[in-house]
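Let's take a friendly walk through this structure, one site at a time. Have the sequence and the 3D view ready.

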Amino acid sequence: MTLWTTLAAKAEAAKDTSIVGLFDDADRAKNFSARFGSLLFDYSKTTLQADTLEALIALAEEADLVGRRKAMFGGEKINETEGRAVLHTALRRSDVGVYVDGEDVMPGVHATLDRIETFANEVRSGAFTGQGGSITDVVNIGIGGSDLGPVMACQALASYSDGPRVHFVSNVDGAHIAQVMRGLDLTRTLVIVASKTFTTIETMTNAQTARDMMAEVVDDPAVQFAAVSTSAEKTAEFGIAAERVFGFEDWVGGRYSMWGPIGLPIMLAVGPANFREFLAGAEAMDTHFQETPLRSNLPVLLALVGMWHHQFCGHTTRAVLPYDQQLARLPAYLQQLEMESNGKGVAMDGSSLETVSGPVVWGEPGTNGQHAFYQLIHQGTAVIPCEFMVAAEGNEMGRSRHHQLLAANCLAQSQALMLGRSLETAREMMAAKGLEGDELERQARHRVFPGNRPSTTLVYPKLTPHLFGQIVALYEHRVFVEGVILGINSFDQWGVELGKELAIKLEPVLTGESDAPQDGSTEALVAFLQDALR
Ligand code: F6P
């Protein structure tokens, strides 16, 4: 019997496991949780038991997680389909000695960080100006990894923000750039064009539009542009002066890139010192991930719990529910991080995956989600493992009643999911309201909660830059662990290419410049869109 079949059999048996019953073990909360620094990860409200966890850890060992981890941090070219190292961790390393092709990359990383810091200080202090004076607004134009991380981080660290207002444009839909630019004083606006490749059609189209808009009010728009890219050639072609171009290497994946120059908008908002704290938090998580035994290693445990629910118990989606408004964009960020990394059906060696690929990840902050989709989480027929997050203290209004209500709601949800409400209790409730007979029975059945629904909770004292860095790195490494166990390459994204290629071919069909034949459905849709414009 392989470990996969052993675990599948355990998952089948776990269908009859009562999560509440597992708490007959008075030490369960302690034994099925792990700490790192001031983070606590509780996974006791799941069907996992000691033997299951051992089997999952054996699975990680069998996949050579330890060896693969060493290879990643050591700069080996583990992104085999693109022939690249995977070294976003180098961007947050404070010492030297990370080699790619025999060359220490750390001096270059630190030099770039110093350059971004100098530029950020110039903008923040008013030494760098637009035509109309010091910079009041920054517009970051990028998409995917060149957008989602900085967007999330600027919101997460909003309480630390004391720099210019930072705005983000990502969608090629003209409504996005129009709405963001409207109302800004463009003579005092800095535009950052953020694109690893500097070829992404959405970003290049928005960048061109931003330049045209800027040209209407300033004499030399290029002066108010900066760029972040791996391609110095393309940024020069666009006309951005080299002194405001911040480069990075191909061993930083787009969705792992906010630790370097792609994080420029974050640094502009919160300042270099807070940005370095954010890096230091991530580095602390890197060290924990590398040095802690698998049984108490947070990223490993987060990954194993996720795989238990998805690959073995068959729960197809995973809800991420931060009870932290500042983490409102974390679910969107994780959608790219997890689904672009592990949404693959082919193993590293080209064979078809024998299990299911990564899960659908979705979520919203609490308590908003409670008034939207929690109905389904509690009483729908599909089981959705929930990943709750909550701080002991809020960044705004500290320990006020707002925060106590927020935290109480978070704990109440995981408790409700686990405990549920029996038909018997529901009948008692209806009887107390004076109902009888068939009507009592009918009304009671609507008020039953099946319960025994799994969840985990990540708890932390307060969302500081350091702690936020830890949390993001925790999720990055979780994705890595899951990818290693699945045997896939978590660092390429071939699945996004086909749609891009077809969009390029369809644009002239829509404009009428091409009459290339399409499938029947697409032809009908094109005809409708064209007719609507006549
Ligand atoms: O969506 C595909 C993708 O390549 C992502 O991986 C990447 O983060 C995004 O596009 C943006 O790419 P770039 O930074 O090169 O513009």
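## Asparagine 274 and its neighbours

Leaving aside residues up to four places away in sequence, asparagine 274 touches Tyr160 and Pro465. Bear in mind as you look around that this is a predicted model. Asparagine 274 belongs to helix α12, which covers residues 272-291. Its side chain also reaches the backbone oxygen of valine 270, at 3.0 Å.

## The ligand site

Now turn to the ligand, which is surrounded by 13 residues. The closest of them are Ser146, Ser195, Thr197, Thr200 and Glu340.

A polar side-chain atom of serine 146 lies 2.6 Å from a ligand oxygen, while glycine 145 places a backbone N or O atom 2.7 Å from an oxygen of the ligand. For glutamine 336, an N or O atom of the side chain is 3.2 Å from a ligand oxygen. Taken alone, the ligand exposes 390 Å², and the protein buries 87% of that area.

## Where α4 meets α13

Two packed helices are described by the angle between their axes and the distance between the axes. Helix α4 (residues 50-62) and helix α13 (residues 298-312) pack at about 100°, and their axes are 10 Å apart. Angles of 65 to 115 degrees count as roughly perpendicular, and α4 and α13 are therefore roughly perpendicular to each other.

Which residues of α4 and α13 meet? From α4 come Thr52, Leu53, Leu56, Ile57 and Leu59, and they meet Leu301, Leu304, Trp308 and Phe312 of α13. By class, this contact has 8 nonpolar residues, 1 polar residue and no charged ones.

Technical notes. Residues numbered from 1 in each chain as written. Predicted model: local features only at pLDDT ≥ 70, side-chain atom pairs only at ≥ 80, totals over all residues. Heavy atoms only, no water. Axes fitted to C-alpha atoms, helices over the stretch in contact; angles between N-to-C directions. Helix = DSSP H or I, 4+ residues; strand = E, 2+ residues; numbered from the N terminus. Parallel < 35°, antiparallel > 145°, perpendicular 65-115°, else oblique. Contact = heavy atoms within 4.5 Å. Nonpolar A, V, L, I, M, F, W, Y, C, P; charged D, E, K, R; others polar. Polar contact = N/O pair within 3.5 Å; in protein donor to acceptor, adjacent residues only side chain to side chain. Near = heavy atom within 4 Å. Areas by Shrake-Rupley, 256 points an atom, 1.4 Å probe, with all protein chains shown as cover.
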